[in-house]
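Here's a quick look at how the two parts of this protein meet. Have the structure open while you read.

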Amino acid sequence: MTLNFDPRAKATTLYHGEFRPMFIGGKWVAAQSGEVMQALNPATGEVLATVPRGGVADIDAAVAAARAAFEGPWSKFSPYERQCVLLRIADLFEKHWEELSVSDTLDMGLPITRTLANRRRVIGMLRFYGGMATALHGEAIDNSIPGEIVTFTRREPIGVVGAIIPWNAPTAASIWKIAPALATGCTIVLKPSEDASLTPLLIAKLMQEAGVPDGVVNIVTGTGAEAGARLAEHPDVNKIVFTGSTLTGQAIARAGVTNLKRVSLELGGKSPIIVCRDADIDKAVPVAAMAVFVHSGQICIAGSRLFVAREIHDEFVRQVADFAGKLRIGHGIEAETEIGPLINARQAGKVEGYIKAGSDEGAKLVAGGSRLTGALYDGGNFIAPTVFGAVSDKMTIAREEIFGPVISAMPFDTLDEAVARANATPYGLAAGIFTTNLGTAHKLARRVKAGSVWVNMYHAIDPAVPFGGMKMSGYGREGGVEHLHEYLETKAVWIQTD
């Protein structure tokens, strides 16, 4: 991608270690406790800013503001007026896209070329949900009750939504939660990750500028154990939507039982990629590699289990390893960077532990496997893209979600074997298939248990297409008409006319 601006220059105008308040009820406020958290640049370790460490009292205030807005001014907005709000937000996002992209890169490390490339998806979501705001309706139903009785349904907003998002895609994740809430007439309290809180605060500023009424969108920064837990259990939250780890998702589901709130969860994955012997290797190698290495493997859909037909296995793995070795690793703010840092030292250490476990359990290290050091990487959390061969299904690196740049390559002999091994996991978020045979593509796509299956491609996500997991990868869908239904209640109305 050719950039028409200097990301590093724009980065110097964004953050200087200052305090950035959170957004509750249309006001910019500190935590009631007065406590703060540091927002660190994962590429350098420098303090970008400080943000409030919101807790129970702050979540309670935000939920109260959201409830007042839901029952007050926002309830009077027509579908057309909600659509206009979303389209104004989209226009502001276009105007400020470079700023949002630089903020994301500084806050969580994804290379600037990739944060900028999210423009179509994010702005597309705003306009898609804006369009859907005027297309929501119930239906007339012929009933079998004696007499003249008319029955129909209404689709009504569920109420106050609590949203908890991860750190690996702050802009996209924020809009994936906020936009459907606005389209359906709900209000929302968003709790961003403590590791990436800055961009959601910029988003709140744009929401305010677009004319979103006070209290409709609230952003509370804080930890998951404090602010997140309170939001999940809050008795006046009607729906909780969460993206993150399976373990945390289970805790949120349990908390939601307190008032039987609606729960949507997009959780972890251990996604398989199946490369058939007739695959176009030149096309498949870079796609299969970047299915994991993009964002240093810190994506829930990472295709980290690479099943390759035995006839082409050795050559395919060699080419993936060569590809990995040529990737440019560095600070995300540099235009030439292809792979950035991991989010923090804790995550880097965890990934190093998995790499050690792979070697200890007998896997063959084909590429990478090391923590990067030297002047370019001082203060950051960089791990070289790693490829393991000779991996068995029982090894730790083949079973557990690593959330790092690690591929586990394994040969297979038959398609039945490949499907059985691909499905032998508690997860079911995504899968990739590479084949030039259309029949094989259809058969495998049907048999693999995953919420999204990509054939001869990977990572494609569109606002109109549902996305979500099976099994321990969660439930509910984001994207498409199904997503909006997650934010609506269906009311049946009976009218006797005789």
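Domain 1 and domain 2 bury about 2200 Å² between them, and 59% of that area sits on carbon and sulfur atoms. Keep in mind that this is a predicted model. The rest of this briefing walks through the layout and then the contacts.

**Layout**
- The chain splits into two domains: domain 1 takes in 7-267 plus 473-493, while domain 2 runs over 272-455.
- Going by their C-alpha centres, domain 1 and domain 2 are 31 Å apart.

**Who touches whom**
- On the domain 1 side, 26 residues are in contact with domain 2, which puts in 31 residues of its own.

**Polar links and salt bridges**
- You'll find two salt bridges between domain 1 and domain 2.
- Arg8 and Glu334 pair up through their side chains in a salt bridge, with 2.2 Å from N to O.
- Nine residue pairs make polar contact between domain 1 and domain 2, counting pairs with both residues at pLDDT 80 or more.

**The domain 1 face**
- By residue type, the side of domain 1 that touches domain 2 has 12 nonpolar, eight polar and six charged residues.

Key:
Residues are numbered from 1 along each chain as its sequence is written. This is a predicted model: local features need pLDDT of at least 70, side-chain atom pairs count only at pLDDT 80 or more; totals for chains, interfaces and linings use all residues. Side-chain values use heavy atoms; hydrogens and water are left out. Domain bounds come from an automatic or database domain assignment. Contact means heavy atoms within 4.5 Å. Buried area is the accessible area (1.4 Å probe) that two parts lose on being put together, summed over both. A salt bridge is a side-chain nitrogen of Lys or Arg within 4 Å of a carboxyl oxygen of Asp or Glu. A polar contact is a pair of N or O atoms within 3.5 Å; within protein, one must be able to donate a hydrogen and the other to accept it, and residues adjacent in sequence count only if both atoms are side-chain atoms. Ala, Val, Leu, Ile, Met, Phe, Trp, Tyr, Cys and Pro count as nonpolar, Asp, Glu, Lys and Arg as charged, and the others, Gly among them, as polar.
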